[in-house]
Amino acid sequence: MTVHLYNTLTRQKDEFIPIAPGRAGIYTCGPTIYNFAHIGNFRAYMFEDLLRRYLEFRGFAVKHIMNLTDVEDKLIRTCRETGESLKKITDFYAQAFFEDIDTLGILRAHEYPAATDHIPEMVDLIKKLRDKGHTYEEDGSIYFKLSTFPGYGALSRIQADALRAGASGRVDADEYEAEDARDFALWKAWDEEDGEVFWETELGKGRPGWHIECSAMSIKYLGPHFDIHCGGIDNMFPHHENEIAQAQCATGHPFVNYWLHCAHLMVDGRKMSKSLGNFYTLRDLIEKGLDPVAIRYTLLATHYRQPANFTFEAVEAAAQALCRIRDFRIRLAELDGDGDALADECSATESEFTHEMDDDLNISGALGVVFNFIRDVNKKIDAGVVGGDGAANALALLDRLDHVTGVFSPVAEDDVPQEILDQVAARQQARRDKEFAAADAIRDALAEQGWILEDTPDGARVKRA
RNA sequence: GGCGGCAUAGCCAAGUGGUAAGGCAGAGGCCUGCAAAGCCUUUAUUCCCCGGUUCGAAUCCGGGUGCCGCCUCCA
């Protein structure tokens, strides 16, 4: 079996065949850094993280590029409203973004190109389009002339005719300076609402349109033709469609082989919105005391093309599932001596896990495989047949699979304080003396201090609550 | 109005023609001084509703209902 991915271009699961053997170039649409990202945003970044991690697990050398949109209408409006400079705002929220993805254990992309650092690349791309007759100018702005690209709509399967201005009753053609409402801006001429936000270029005084940054930066870092482009389903049209038009018309090459789109996240069965009171940034959830790893698990555990429902109950369930994994690791770590090496169980689990993930990243199925493994091995541990080799093999397997999921890693081993150990010893003495009331009192006291005490055949074990 | 997606137990969620994974929660049991952890049993005769195709459908087709997305720079 090889990796298969659902490709929006073909509307089916296609075998992943990279352009360069053993390598995978991935471009993912990143955040507009004008406020804190919400958990819906992070679901998309989590999916992209899983994709990147899994391809690495499968032996591909992945190059992952994520852009930062740091010039755009909403940002300029924020500048106007707050009086802050563009750079001050974007620096602040870029920093917050990186803190958030670190909190969630999302691996850093290899590059985070920012739009404003790539104005020359965008200008070059627009000039190429202009030279080839794909653009026209209107009041100092430059537009892409959609009628020059017959392939438009291949990704979203939207008929260009259906987009005619006013057909939906929602498009007010008067707002468009473009000749045709379907055309989109490559370069926007400065107007006074833009304030200090402008660049003096060969194209005039102004700023880039939104779509051009992704074409310019993906081409710069991954080449004119690369493997995978990801984003939220809402970016499929028009953003990704426009990217294709720009890139293919400018370079003359096919642009991207696999387009992957992530479904949206709902909260409590409703779309997330501030007016419903179910809109959360990651920081909101952390403040409520939720465990970041449990949040990671929750965002990860639903297949990426499935609309997911985020609930606090689900995060609690995830936290309990993580406890199960943690306790399993603790049991394994305590084993030594001769016994079953678990060779069959480990290899079967890894192979089934891989089989599930090869099928368009079926993480739910893959997690099910791991929990079946945990149950089966627990059974063997109960039977007393697992030896040190088996434990080491099982832990090594979890570590390998943790590279994919990021939720199987051991909890940070903080040393148990001596005073806690003293209380554990005192309880053990009380138990030996059959003074169970005293022993229970000590156990309760430990619980209040945040430590769970469990008796095992080999003695007491303490762990953080 | 046009296009697209989704609907599986109390909650989260796999499964896309062959008789319902997994996690959490609940119930009973084993183990334990008691717990915890672990294990066992159990919890959807049924997969939004109504028809149809088929020997057989959660899975395919038609119709309906609900939710969600795109159709103006929202993951």
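Guide: The conversation below goes from the overall fold to the RNA contacts, and then to selected side chains. Please keep in mind that this is a predicted model.

Visitor: Understood. How many helices and strands does chain A have?

Guide: Chain A contains 14 helices and 16 strands. Its C-alpha atoms fill a box of roughly 90 × 50 × 40 Å along the principal axes. Of the 465 residues in chain A, 48% are buried.

Visitor: Now the RNA. Which residues come nearest to RNA strand B?

Guide: There are 61 residues around RNA strand B, and those that come nearest are Lys74, Lys188, Gly232, Asn235 and Asp382.

Visitor: Which residues have polar atoms beside the bases?

Guide: Gly40, Arg443 and Asp455 are among them. A backbone N or O atom of Gly40 is 2.8 Å from a base nitrogen of RNA strand B. Asp455 also uses a polar backbone atom, which lies 2.9 Å from a base nitrogen. In Arg443, an N or O atom of the side chain lies 2.6 Å from a base oxygen.

Visitor: Back to Lys74. What does its side chain meet within the protein?

Guide: The side chain of Lys74 forms a salt bridge with that of Glu72, at 2.7 Å from N to O. Lys74 is partly exposed because its relative accessibility is 28%, whereas Glu72, at 12%, counts as buried.

Visitor: How many salt bridges are there in the whole structure?

Guide: The search finds 33. One of them joins Arg207 and Asp73, with 2.9 Å between N and O. This pair links distant parts of the chain: Arg207 sits in strand β9 (residues 204–208) and Asp73 in helix α2 (residues 73–82), 134 residues apart.

Visitor: Are those two partners buried or exposed?

Guide: Arg207 is buried, at 7% relative accessibility. Asp73 is partly exposed, with a relative accessible area of 42%.

Visitor: Which residue does Glu350 pair with?

Guide: Glu350 forms a salt bridge with Arg400, and their closest N and O atoms are 2.7 Å apart. Here too, distant parts of the chain are linked, as Glu350 belongs to helix α10 (residues 343–358) and Arg400 to helix α12, 50 residues apart. Arg400 is partly exposed, with a relative accessible area of 37%.

Visitor: Which residues are linked in a network of salt bridges?

Guide: Arg326, Asp327, Glu334, Glu454, Arg461 and Lys463 are linked in such a network.

Visitor: New topic. Why is helix α8 described as largely enclosed?

Guide: Helix α8 spans residues 292–300, and seven of its nine residues are buried, so the rest of the structure largely encloses this helix. The buried residues are Ala294, Ile295, Arg296, Tyr297, Thr298, Leu299 and Leu300.

Visitor: Which residue caps the N-terminal end of α8?

Guide: Asp291 does, with a side-chain oxygen 3.2 Å from the backbone nitrogen of Val293.

Visitor: Finally, the cysteines. How many disulfides does the structure hold?

Guide: The structure holds zero disulfides. For Cys79, the closest cysteine sulfur is that of Cys214, and the 20 Å between them is too far for a bond. Cys214 is likewise in no disulfide, its nearest cysteine sulfur being that of Cys29, 4.0 Å away.

Visitor: Are Cys79 and Cys214 buried or exposed?

Guide: Cys79 counts as buried at 10% relative accessibility, and Cys214 is buried with a relative accessible area of 1%.

Note on methods: Residues numbered from 1 in each chain as written. Chains lettered and ligands numbered in written order. Predicted model: local features only at pLDDT ≥ 70, side-chain atom pairs only at ≥ 80, totals over all residues. Heavy atoms only, no water. Near = heavy atom within 4 Å. Polar contact = N/O pair within 3.5 Å; in protein donor to acceptor, adjacent residues only side chain to side chain. Buried < 20%, exposed > 50% of the residue type's maximum accessible area, 1.4 Å probe, protein only. Helix = DSSP H or I, 4+ residues; strand = E, 2+ residues; numbered from the N terminus. Disulfide = S-S within 2.5 Å. Salt bridge = Lys/Arg side-chain N within 4 Å of Asp/Glu carboxyl O.
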